[in-house]
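I'm opening my notebook on this one.

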Amino acid sequence: ALVEIYVVRGNLFEARLKKLSLENLFSSASLKCTTHAVINDGTTNVWEVNPSGNGTTKYTIQQDSGIDIADTRESTAAKMKIMCIPQQLTANTTLTVVYEVNEKVTSDDDADNWVEHTESFQLFKYDPIAYQSGHRVIYTATIDSGVNLQGVIAEWKDVDYIEGTILPDIQ
């Protein structure tokens with residue numbers, strides 16, 4: 001599964017990302033194709049996935065000076081993309097966003113007033129609750145008076161490999 005995380009700005013003058021981390025994921029597994037897709041019949045490969053290890057892998061981006069947060073996914077530099085093995089999310093799987101907001105009263109004020117905030121999300125409480133092979137999961141964290149997190153599953157139309165790719169029959 002491809003997991004994409006975007007941090008965007010709502011109705012704020014300025015905001016910048018200090019740290020973004022995705023924690024407590026499995027990073028290794030044994031995979032076995034139990035059913036092969038058949039050409040032109042609409043079937044897909046079926047995978048048996050057995051995660052191994054302790055599921056404590058942590059992915060982090062951090063920049064002390066902060067990364068400017070724009071108001072759209074397409075224009076924000078505050079993002080992270082990770083290839084993950086298929087897995088069920090647990091109560092320990094968390095997304096943490098540490099950000100600063102310039103809380104000056106008006107845009108005409110001369111003095112900046114940067115205030116740091118931290119928001120953490122247990123991802124099993126959001127859709128999707130599992131990362132499945134061939135899926136692209138997009139999280140958008142919108143920073144406004146707090147952080148609103150939305151997760152969606154999108155199709156991978158912009159890559160050559162899709163779940164329905166026919167694998168060779170290995171005997």
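My entries below go from the ground rules to the core, the strands and the salt bridges.

**Ground rules.** I'm working with a predicted model, so I note that local features need pLDDT of at least 70, side-chain atom pairs count only at pLDDT 80 or more, and totals for chains, interfaces and linings use all residues. Residues are numbered from 1 along each chain as its sequence is written, and side-chain values use heavy atoms, with hydrogens and water left out.

"Buried" here is under 20% relative accessible area, exposed is over 50%, and partly exposed is in between, with a 1.4 Å probe and protein chains only. This core has 30 residues, and Val-7, Leu-123, Tyr-131 and Tyr-139 have the most contacts inside it. Strands that give two or more residues to it include E1 (2–9), E2 (15–25), E8 (94–102) and E11 (136–143). E2 gives the most, with five residues. Strands (E, at least two residues) and helices (H or I, at least four) are DSSP runs, numbered from the N terminus.

**Tyr-139.** I checked its contacts (heavy atoms within 4.5 Å). Leaving out residues up to four places away in sequence, Tyr-139 touches Leu-123 and Tyr-131, among others, and also Val-3, Glu-4, Ile-5 and Tyr-6.

**E8.** How many of the residues of E8 are buried? I got nine of nine. Both faces are covered: Thr-94, Thr-96, Val-98, Glu-100 and Asn-102 are on one side, with Leu-95, Val-97, Tyr-99 and Val-101 on the other.

Next I looked for its partners (two strands pair if DSSP finds at least two bridges between them). E2 and E8 run antiparallel, joined by eight bridges; there, Ser-21 has Thr-96 as its bridge partner. E8 also pairs with E9 (residues 114–122) in the antiparallel sense, over nine bridges, and Tyr-99 stands opposite His-117 of E9.

**Salt bridges.** I searched for these too (a side-chain nitrogen of Lys or Arg within 4 Å of a carboxyl oxygen of Asp or Glu). The whole structure has two.

- Arg-136 and Glu-4 meet through their side chains at 2.6 Å, N to O. Arg-136 sits in E11 and Glu-4 in E1, 132 residues apart in the chain. Both residues are buried.
- Glu-100 pairs with Arg-16, the closest N and O atoms being 2.6 Å apart. This one links E8 to E2, across 84 residues of chain. Why does Glu-100 count as buried? Because its relative accessibility is 11%.

Terms used: A nonpolar core is a set of buried Ala, Val, Leu, Ile, Met, Phe, Trp, Tyr and Cys residues joined through side-chain atoms within 4.5 Å.
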